[in-house]
Amino acid sequence: MVRSNDVQLESMEFRNTATGLGVWLSASAIATILNTAVHAGRRETGGILIGRYDVEGWVAEIVEATSKPRGSRSGWWWFKRGTTGLRELLAARWADGYHYLGEWHYHPGGSPAPSDTDIASMREISADPVYQCSEPILVIIGGRPPRQWNLSVSVLRRDTLVRLSQA
């Protein structure tokens, strides 16, 4: 359990029973997402997701979410993630058996539902060999953190965004 702005957080699990896909989010990854969103106020923000897959490859374990990387730009309705420092961070995590799994971002005061732009971004990541991530995960936090917020978790599989439900 992790404390974040006087809120106790526990890990969360999301599943899609039709596909068998699952995503587990560590309490510390959720805390980073929540704290970064709180500091962003009314502007969108985001970062990357780091972790690994279970032996069968059906469940992703997200152990870390980064705060907004340097070089990121944002507004009330948009976010462009920067890349400064991410190559080195991912190289260090790779040595421990972890790698890039996807993206997260914040919809201030809004729904955590993925937008058409969000889906298009996941398709670009899936197709880009630099990411080495053919099925990226998308986590969106919406609402007004730290007290009122929701997460959505989706996986892009075969060019279709598959929504997962909290288990």
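User: Is Tyr 100 buried or exposed?
Analyst: In this predicted model, Tyr 100 is buried, since its relative accessible area comes to 8%.

User: Where do Tyr 100 and Tyr 131 lie?
Analyst: Tyr 100 belongs to strand S9 (residues 99-108), while Tyr 131 sits in the loop between helix H3 (116-127) and strand S10 (137-144), so the pair ties together parts that are 31 residues apart in sequence. Tyr 131 is partly exposed, at a relative accessible area of 27%.

User: Switching to the surface, which residues form a nonpolar patch?
Analyst: Trp 76, Trp 77 and Trp 78 form that patch, and together they have about 450 Å² of accessible area. Trp 77 is found in the loop between strand S7 (73-74) and strand S8 (79-80), and it counts as exposed because its relative accessibility is 71%, with the cut-off for exposed being over 50%.

User: What lies over the face of Trp 76?
Analyst: Arg 42 does, at 4.6 Å from the ring centre of Trp 76.

User: Zooming out, how many helices and strands does the protein have?
Analyst: There are 3 helices and 12 strands, and buried residues account for 47% of the 167 residues.

User: What about the radius of gyration?
Analyst: The protein has 15 Å, which agrees with the value near 15 Å that a compact globule with 167 residues would have; along the principal axes, the C-alpha atoms fill a box of roughly 35 × 35 × 35 Å.

Key: Residues numbered from 1 in each chain as written. Predicted model: local features only at pLDDT ≥ 70, side-chain atom pairs only at ≥ 80, totals over all residues. Heavy atoms only, no water. Helix = DSSP H or I, 4+ residues; strand = E, 2+ residues; numbered from the N terminus. Buried < 20%, exposed > 50% of the residue type's maximum accessible area, 1.4 Å probe, protein only. Lys NZ or Arg CZ within 6 Å of the ring centre and 35° of its normal. Patch = residues over 30% accessible without salt bridge, like charges linked within 9 Å, V, L, I, M, F, W, Y side chains within 5 Å. Areas by Shrake-Rupley, 256 points an atom, 1.4 Å probe, with all protein chains shown as cover. Salt bridge = Lys/Arg side-chain N within 4 Å of Asp/Glu carboxyl O. Rg over C-alpha atoms; globule rule 2.2 N^0.38 Å.
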